[in-house]
Amino acid sequence: MIDLRSDTLSKPSKEMRKAMYEAETGDDGRIDSFGRSEDPTVRRLEDLSAEISGHEAALFCNSGTMANYIAILTHEAQRGDSILTDRSSHISRSEKGLFMEHLFGLTPEFYPVDDHGIPDSDAIENIVKNGQSRLLLLENTHNAYGGTCISVSKMKKLCAIARLYGAPVHLDGARIFNAAAYFDIDVKALTSPADSMMFCLSKGLGAPVGSMLCGDRDFIYRARKLRKILGGSMRQAGVIAAAGIVALEDAVEKSKVDHENALYLARNINTEYMKIDVDAVQTNIVIADISSSGRSAAHLVNELEQKGLRLQAISDTKVRMVTYKDISAEEIKKAVSIINNYFNNKYL
Ligand SMILES: *Cc1c(COP(=O)(O)O)cnc(C)c1O
(Lines give C-alpha, C1' and ligand atoms only; values in the text may rest on other atoms or scores of the structure.)
Protein backbone atom coordinates (compact mmCIF):
# COMPACT_ATOMS: atom_id res chain seq x y z
CA MET A 1 0.00 0.00 0.00
CA ILE A 2 1.30 3.45 -0.94
CA ASP A 3 -0.12 5.71 1.73
CA LEU A 4 -0.20 9.40 0.80
CA ARG A 5 -2.85 10.53 3.29
CA SER A 6 -0.43 12.62 5.35
CA ASP A 7 3.19 13.15 6.34
CA THR A 8 2.10 12.30 9.89
CA LEU A 9 2.44 8.68 8.68
CA SER A 10 6.23 9.05 8.58
CA LYS A 11 7.93 6.47 10.78
CA PRO A 12 10.86 6.97 13.14
CA SER A 13 14.11 6.00 11.39
CA LYS A 14 16.65 3.47 12.71
CA GLU A 15 18.86 6.36 13.76
CA MET A 16 15.97 7.84 15.77
CA ARG A 17 15.23 4.53 17.46
CA LYS A 18 18.87 4.17 18.42
CA ALA A 19 18.91 7.71 19.87
CA MET A 20 15.69 6.91 21.76
CA TYR A 21 17.19 3.74 23.17
CA GLU A 22 20.26 5.53 24.39
CA ALA A 23 18.59 8.74 25.59
CA GLU A 24 19.49 10.12 28.98
CA THR A 25 16.29 11.06 30.82
CA GLY A 26 14.92 12.95 33.82
CA ASP A 27 11.55 14.21 35.04
CA ASP A 28 10.47 16.78 32.43
CA GLY A 29 7.56 17.82 34.66
CA ARG A 30 10.01 19.22 37.24
CA ILE A 31 12.05 22.34 36.69
CA ASP A 32 15.51 23.24 37.98
CA SER A 33 16.46 26.57 39.54
CA PHE A 34 16.76 28.11 36.04
CA GLY A 35 13.19 27.14 35.18
CA ARG A 36 14.47 24.42 32.85
CA SER A 37 13.28 20.84 32.42
CA GLU A 38 15.05 18.24 34.58
CA ASP A 39 15.26 15.97 31.53
CA PRO A 40 18.67 16.62 29.88
CA THR A 41 17.63 15.34 26.44
CA VAL A 42 14.52 17.57 26.44
CA ARG A 43 16.77 20.50 27.37
CA ARG A 44 19.04 19.71 24.40
CA LEU A 45 16.06 19.57 22.04
CA GLU A 46 14.68 22.83 23.43
CA ASP A 47 18.05 24.60 23.09
CA LEU A 48 18.53 23.32 19.56
CA SER A 49 14.99 24.43 18.59
CA ALA A 50 15.52 27.89 20.07
CA GLU A 51 18.76 28.27 18.14
CA ILE A 52 17.33 27.02 14.84
CA SER A 53 14.24 29.25 15.08
CA GLY A 54 16.15 32.36 16.16
CA HIS A 55 14.25 32.65 19.45
CA GLU A 56 15.62 32.76 23.01
CA ALA A 57 13.91 29.63 24.31
CA ALA A 58 11.69 26.70 23.39
CA LEU A 59 9.21 24.31 24.99
CA PHE A 60 8.65 20.68 24.02
CA CYS A 61 4.91 19.98 23.58
CA ASN A 62 3.13 16.75 22.87
CA SER A 63 1.39 18.07 19.72
CA GLY A 64 1.09 21.06 17.44
CA THR A 65 -2.43 21.71 18.64
CA MET A 66 -1.23 21.81 22.26
CA ALA A 67 1.62 24.16 21.31
CA ASN A 68 -0.76 26.53 19.46
CA TYR A 69 -3.22 26.52 22.39
CA ILE A 70 -0.45 27.28 24.87
CA ALA A 71 0.96 30.02 22.63
CA ILE A 72 -2.37 31.78 22.14
CA LEU A 73 -3.23 31.64 25.83
CA THR A 74 0.27 32.72 26.86
CA HIS A 75 -0.22 35.80 24.67
CA GLU A 76 -3.01 36.51 27.16
CA ALA A 77 -5.91 36.09 24.80
CA GLN A 78 -8.91 35.97 27.13
CA ARG A 79 -12.54 34.97 26.90
CA GLY A 80 -14.32 37.32 24.49
CA ASP A 81 -11.09 38.55 22.83
CA SER A 82 -10.86 38.23 19.10
CA ILE A 83 -7.83 36.67 17.43
CA LEU A 84 -7.02 37.24 13.80
CA THR A 85 -6.67 34.23 11.51
CA ASP A 86 -7.95 33.07 8.13
CA ARG A 87 -11.05 31.01 7.60
CA SER A 88 -9.21 27.90 6.44
CA SER A 89 -6.28 27.91 8.86
CA HIS A 90 -5.66 24.78 10.92
CA ILE A 91 -6.48 26.84 14.00
CA SER A 92 -9.90 27.85 12.59
CA ARG A 93 -10.77 24.43 11.25
CA SER A 94 -9.32 22.01 13.78
CA GLU A 95 -8.38 23.72 17.02
CA LYS A 96 -11.94 24.52 17.90
CA GLY A 97 -11.52 24.40 21.67
CA LEU A 98 -10.17 27.93 21.44
CA PHE A 99 -13.51 29.16 20.13
CA MET A 100 -15.91 27.01 22.15
CA GLU A 101 -17.86 29.10 24.62
CA HIS A 102 -17.49 26.49 27.36
CA LEU A 103 -13.75 26.09 26.76
CA PHE A 104 -11.63 29.15 25.97
CA GLY A 105 -14.36 31.35 24.44
CA LEU A 106 -12.18 33.32 21.99
CA THR A 107 -13.68 34.81 18.83
CA PRO A 108 -11.99 34.28 15.48
CA GLU A 109 -11.79 37.28 13.21
CA PHE A 110 -10.96 36.33 9.63
CA TYR A 111 -8.57 38.17 7.33
CA PRO A 112 -8.72 37.63 3.56
CA VAL A 113 -6.09 35.59 1.72
CA ASP A 114 -5.31 35.20 -1.99
CA ASP A 115 -5.71 32.04 -4.11
CA HIS A 116 -2.62 30.56 -2.50
CA GLY A 117 -3.62 31.35 1.08
CA ILE A 118 -1.26 34.33 1.36
CA PRO A 119 -2.62 36.94 3.81
CA ASP A 120 -3.69 40.37 2.55
CA SER A 121 -1.52 42.84 4.46
CA ASP A 122 -3.68 45.93 3.75
CA ALA A 123 -6.77 44.21 5.08
CA ILE A 124 -4.82 43.06 8.15
CA GLU A 125 -3.55 46.57 8.74
CA ASN A 126 -7.13 47.89 8.68
CA ILE A 127 -8.26 45.33 11.23
CA VAL A 128 -5.39 45.68 13.71
CA LYS A 129 -5.42 49.49 13.32
CA ASN A 130 -8.88 49.54 14.79
CA GLY A 131 -7.56 47.61 17.75
CA GLN A 132 -10.12 44.83 17.58
CA SER A 133 -7.79 41.85 17.55
CA ARG A 134 -5.48 40.77 20.35
CA LEU A 135 -3.26 38.54 18.28
CA LEU A 136 -2.30 37.89 14.65
CA LEU A 137 -1.96 34.24 13.63
CA LEU A 138 -0.09 33.19 10.49
CA GLU A 139 0.25 29.70 8.98
CA ASN A 140 3.33 28.80 6.94
CA THR A 141 3.17 26.51 4.98
CA HIS A 142 -0.57 26.75 4.55
CA ASN A 143 -2.03 23.27 4.94
CA ALA A 144 -5.50 23.76 3.40
CA TYR A 145 -4.09 25.67 0.40
CA GLY A 146 -1.79 22.77 -0.42
CA GLY A 147 1.42 23.64 1.44
CA THR A 148 1.90 27.12 -0.04
CA CYS A 149 4.58 29.40 1.41
CA ILE A 150 4.70 32.94 2.80
CA SER A 151 7.97 34.67 1.79
CA VAL A 152 10.42 36.29 4.21
CA SER A 153 9.53 39.79 3.00
CA LYS A 154 5.82 39.13 3.48
CA MET A 155 6.43 37.62 6.93
CA LYS A 156 8.43 40.69 7.93
CA LYS A 157 5.82 43.05 6.57
CA LEU A 158 2.94 41.32 8.37
CA CYS A 159 4.86 41.20 11.66
CA ALA A 160 5.84 44.87 11.35
CA ILE A 161 2.19 45.89 10.82
CA ALA A 162 1.04 43.93 13.86
CA ARG A 163 3.87 45.31 15.99
CA LEU A 164 3.07 48.87 14.95
CA TYR A 165 -0.40 48.49 16.44
CA GLY A 166 0.66 46.44 19.45
CA ALA A 167 -0.65 43.01 18.42
CA PRO A 168 1.73 40.08 18.93
CA VAL A 169 2.20 37.53 16.12
CA HIS A 170 2.10 33.76 16.54
CA LEU A 171 3.28 31.66 13.61
CA ASP A 172 1.77 28.21 13.13
CA GLY A 173 4.80 26.77 11.40
CA ALA A 174 3.78 23.11 11.61
CA ARG A 175 5.61 22.67 8.25
CA ILE A 176 7.94 25.68 8.35
CA PHE A 177 10.97 23.60 7.30
CA ASN A 178 9.14 22.85 4.06
CA ALA A 179 8.77 26.60 3.45
CA ALA A 180 12.49 27.11 4.17
CA ALA A 181 13.29 24.34 1.66
CA TYR A 182 11.03 25.94 -0.96
CA PHE A 183 12.82 29.31 -0.66
CA ASP A 184 16.17 27.56 -0.06
CA ILE A 185 16.88 29.66 3.02
CA ASP A 186 17.72 29.24 6.68
CA VAL A 187 14.47 28.58 8.57
CA LYS A 188 15.36 31.38 11.02
CA ALA A 189 14.61 34.00 8.38
CA LEU A 190 10.97 32.89 8.39
CA THR A 191 10.57 32.16 12.11
CA SER A 192 12.41 34.98 13.86
CA PRO A 193 10.08 37.86 12.78
CA ALA A 194 7.15 36.36 14.76
CA ASP A 195 6.85 36.84 18.53
CA SER A 196 6.24 33.13 18.98
CA MET A 197 6.16 30.14 16.68
CA MET A 198 5.37 26.43 16.64
CA PHE A 199 6.74 23.67 14.44
CA CYS A 200 5.96 19.95 14.30
CA LEU A 201 8.66 17.31 14.66
CA SER A 202 6.11 14.61 13.87
CA LYS A 203 5.23 15.42 10.25
CA GLY A 204 7.74 15.79 7.43
CA LEU A 205 10.62 15.74 9.92
CA GLY A 206 9.72 12.16 10.74
CA ALA A 207 9.85 12.08 14.56
CA PRO A 208 7.20 9.93 16.28
CA VAL A 209 5.84 12.60 18.65
CA GLY A 210 6.06 16.27 19.43
CA SER A 211 6.07 19.93 18.48
CA MET A 212 8.21 22.82 19.63
CA LEU A 213 6.95 26.19 20.82
CA CYS A 214 9.57 28.94 20.50
CA GLY A 215 9.63 32.49 21.87
CA ASP A 216 11.47 34.76 24.27
CA ARG A 217 12.59 33.53 27.69
CA ASP A 218 9.75 35.10 29.65
CA PHE A 219 7.16 33.84 27.16
CA ILE A 220 8.47 30.26 27.35
CA TYR A 221 8.65 30.46 31.16
CA ARG A 222 4.95 31.34 31.27
CA ALA A 223 4.12 28.82 28.55
CA ARG A 224 5.75 26.05 30.62
CA LYS A 225 3.46 26.86 33.56
CA LEU A 226 0.43 26.82 31.30
CA ARG A 227 1.50 23.51 29.75
CA LYS A 228 1.42 22.01 33.25
CA ILE A 229 -2.04 23.39 34.01
CA LEU A 230 -3.35 22.00 30.71
CA GLY A 231 -1.98 18.55 31.47
CA GLY A 232 0.79 18.77 28.91
CA SER A 233 3.70 18.13 31.29
CA MET A 234 5.58 14.95 30.55
CA ARG A 235 7.99 12.78 32.55
CA GLN A 236 10.94 10.89 30.96
CA ALA A 237 10.21 12.68 27.71
CA GLY A 238 13.88 12.47 26.73
CA VAL A 239 12.95 9.18 25.08
CA ILE A 240 10.88 11.01 22.47
CA ALA A 241 12.93 14.22 22.49
CA ALA A 242 15.93 12.17 21.34
CA ALA A 243 14.11 11.35 18.09
CA GLY A 244 13.28 15.04 17.70
CA ILE A 245 16.97 15.95 17.87
CA VAL A 246 17.73 13.49 15.07
CA ALA A 247 14.73 14.85 13.09
CA LEU A 248 16.25 18.34 13.13
CA GLU A 249 19.48 17.23 11.41
CA ASP A 250 19.40 18.57 7.84
CA ALA A 251 15.63 19.08 8.10
CA VAL A 252 15.54 21.61 5.27
CA GLU A 253 17.66 19.52 2.88
CA LYS A 254 15.66 16.36 3.56
CA SER A 255 12.39 18.15 2.76
CA LYS A 256 13.59 18.96 -0.75
CA VAL A 257 13.37 15.32 -1.80
CA ASP A 258 9.71 15.20 -0.71
CA HIS A 259 9.04 18.38 -2.68
CA GLU A 260 10.52 16.91 -5.88
CA ASN A 261 8.32 13.85 -5.43
CA ALA A 262 5.19 15.97 -4.87
CA LEU A 263 5.87 18.08 -7.96
CA TYR A 264 6.52 15.00 -10.10
CA LEU A 265 3.26 13.49 -8.87
CA ALA A 266 1.29 16.71 -9.51
CA ARG A 267 2.65 17.19 -13.04
CA ASN A 268 1.96 13.61 -14.05
CA ILE A 269 -1.58 13.14 -12.76
CA ASN A 270 -2.93 16.58 -13.61
CA THR A 271 -5.86 15.91 -15.98
CA GLU A 272 -9.41 17.21 -16.28
CA TYR A 273 -10.50 14.48 -13.84
CA MET A 274 -7.82 15.36 -11.32
CA LYS A 275 -7.36 19.12 -11.64
CA ILE A 276 -4.29 20.43 -9.87
CA ASP A 277 -3.03 23.99 -9.53
CA VAL A 278 0.60 23.02 -10.14
CA ASP A 279 1.81 26.51 -9.08
CA ALA A 280 0.41 25.78 -5.62
CA VAL A 281 2.50 22.60 -5.33
CA GLN A 282 5.41 24.34 -3.66
CA THR A 283 6.19 21.81 -0.94
CA ASN A 284 5.03 18.28 -0.06
CA ILE A 285 1.24 18.58 -0.47
CA VAL A 286 -0.81 18.03 -3.65
CA ILE A 287 -4.52 18.89 -3.71
CA ALA A 288 -6.63 17.73 -6.65
CA ASP A 289 -10.14 18.84 -7.58
CA ILE A 290 -12.03 15.80 -8.87
CA SER A 291 -15.40 17.51 -9.55
CA SER A 292 -15.30 16.52 -13.27
CA SER A 293 -14.62 12.87 -12.53
CA GLY A 294 -18.29 12.32 -11.78
CA ARG A 295 -17.66 10.70 -8.40
CA SER A 296 -17.32 11.84 -4.83
CA ALA A 297 -13.91 12.11 -3.20
CA ALA A 298 -14.86 9.37 -0.74
CA HIS A 299 -15.79 7.05 -3.61
CA LEU A 300 -12.56 7.73 -5.49
CA VAL A 301 -10.51 7.18 -2.33
CA ASN A 302 -12.22 3.86 -1.82
CA GLU A 303 -11.63 2.70 -5.40
CA LEU A 304 -7.96 3.71 -5.44
CA GLU A 305 -7.41 2.02 -2.12
CA GLN A 306 -8.38 -1.24 -3.76
CA LYS A 307 -5.59 -0.63 -6.30
CA GLY A 308 -3.01 -0.09 -3.54
CA LEU A 309 -3.03 3.70 -3.14
CA ARG A 310 -4.37 5.69 -0.22
CA LEU A 311 -5.33 9.36 -0.59
CA GLN A 312 -7.18 11.62 1.81
CA ALA A 313 -10.61 13.03 0.92
CA ILE A 314 -10.61 16.61 2.25
CA SER A 315 -14.07 17.59 0.95
CA ASP A 316 -16.71 16.07 -1.37
CA THR A 317 -14.75 17.19 -4.41
CA LYS A 318 -11.13 17.35 -3.29
CA VAL A 319 -8.45 14.83 -2.43
CA ARG A 320 -5.07 15.41 -0.86
CA MET A 321 -1.77 13.60 -1.34
CA VAL A 322 1.27 14.25 0.86
CA THR A 323 4.84 13.05 0.31
CA TYR A 324 7.25 12.23 3.13
CA LYS A 325 10.54 10.48 3.74
CA ASP A 326 9.19 6.93 3.66
CA ILE A 327 7.69 7.40 0.18
CA SER A 328 10.30 6.76 -2.51
CA ALA A 329 10.48 8.16 -6.05
CA GLU A 330 9.59 4.65 -7.31
CA GLU A 331 6.46 4.58 -5.19
CA ILE A 332 5.49 7.98 -6.57
CA LYS A 333 5.87 6.61 -10.12
CA LYS A 334 3.69 3.70 -9.13
CA ALA A 335 1.10 6.07 -7.64
CA VAL A 336 1.07 8.01 -10.94
CA SER A 337 0.41 4.84 -12.91
CA ILE A 338 -2.31 3.65 -10.50
CA ILE A 339 -4.16 6.97 -10.87
CA ASN A 340 -3.69 7.26 -14.63
CA ASN A 341 -4.65 3.63 -15.28
CA TYR A 342 -7.73 4.07 -13.17
CA PHE A 343 -8.96 7.07 -15.16
CA ASN A 344 -7.90 5.64 -18.54
CA ASN A 345 -9.85 2.45 -17.93
CA LYS A 346 -12.89 4.36 -16.81
CA TYR A 347 -12.99 7.05 -19.46
CA LEU A 348 -11.01 6.29 -22.62
C1 LIG B 1 -0.78 19.31 11.89
C2 LIG B 1 -0.96 20.76 12.06
C3 LIG B 1 -1.17 21.31 13.33
C4 LIG B 1 -1.39 20.49 14.58
O5 LIG B 1 -0.43 19.55 14.87
P6 LIG B 1 -0.85 18.21 15.69
O7 LIG B 1 0.47 17.71 16.16
O8 LIG B 1 -1.54 17.34 14.72
O9 LIG B 1 -1.73 18.64 16.82
C10 LIG B 1 -1.29 22.68 13.42
N11 LIG B 1 -1.19 23.46 12.34
C12 LIG B 1 -0.99 22.97 11.10
C13 LIG B 1 -0.86 23.91 9.95
C14 LIG B 1 -0.88 21.60 10.91
O15 LIG B 1 -0.71 21.11 9.69
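What follows is a short chat about this predicted model.

Visitor: Hi! What should I know before I start?

Guide: This is a predicted model, where local features need pLDDT of at least 70, side-chain atom pairs count only at pLDDT 80 or more, and totals for chains, interfaces and linings use all residues. Residues are numbered from 1 along each chain as its sequence is written, and side-chain values use heavy atoms, with hydrogens and water left out.

Visitor: Thanks. How many salt bridges does the structure hold?

Guide: There are 20 salt bridges. The term means a side-chain nitrogen of Lys or Arg within 4 Å of a carboxyl oxygen of Asp or Glu.

Visitor: Which side chains does D27 meet in salt bridges?

Guide: D27 pairs with R30 at 3.0 Å, N to O, and with R235 at 3.7 Å, N to O. D27 lies in the loop between α1 (14-22) and α2 (40-53) and R235 in the loop between α9 (217-229) and α10 (238-247), so this pair ties together parts that are 208 residues apart in sequence. Helices here are DSSP runs of H or I with at least four residues, strands are runs of E with at least two, and both are numbered from the N terminus.

Visitor: Is D27 buried or exposed?

Guide: D27 is buried, with a relative accessible area of 16%. Buried means under 20% relative accessible area, exposed over 50%, and partly exposed in between, using a 1.4 Å probe and protein chains only. R235, at 47%, counts as partly exposed.

Visitor: And what does D184 pair with?

Guide: D184 meets K256 in a salt bridge of 2.6 Å, N to O.

Visitor: Let's switch to strands. Why is β5 described as largely enclosed?

Guide: Six of the seven residues of β5 (residues 133-139) are buried, so the rest of the structure largely encloses this strand. Strand β3 (residues 82-85) runs parallel to β5, joined by three bridges, and β6 (residues 169-172) is also parallel to β5, with four bridges. Two strands pair if DSSP finds at least two bridges between them.

Visitor: What is the order of the open sheet of four strands?

Guide: The order is β9-β10-β13-β12, with antiparallel pairing. β9 (275-276) and β12 (312-313) stand at the edges with a single partner strand each, so one side of each has no neighbour in the sheet.

Visitor: Where is A288?

Guide: A288 belongs to strand β10 (residues 285-289) and is buried, at 0% relative accessible area. Its C-alpha atom is 5.4 Å from that of V319, 31 residues apart along the chain.
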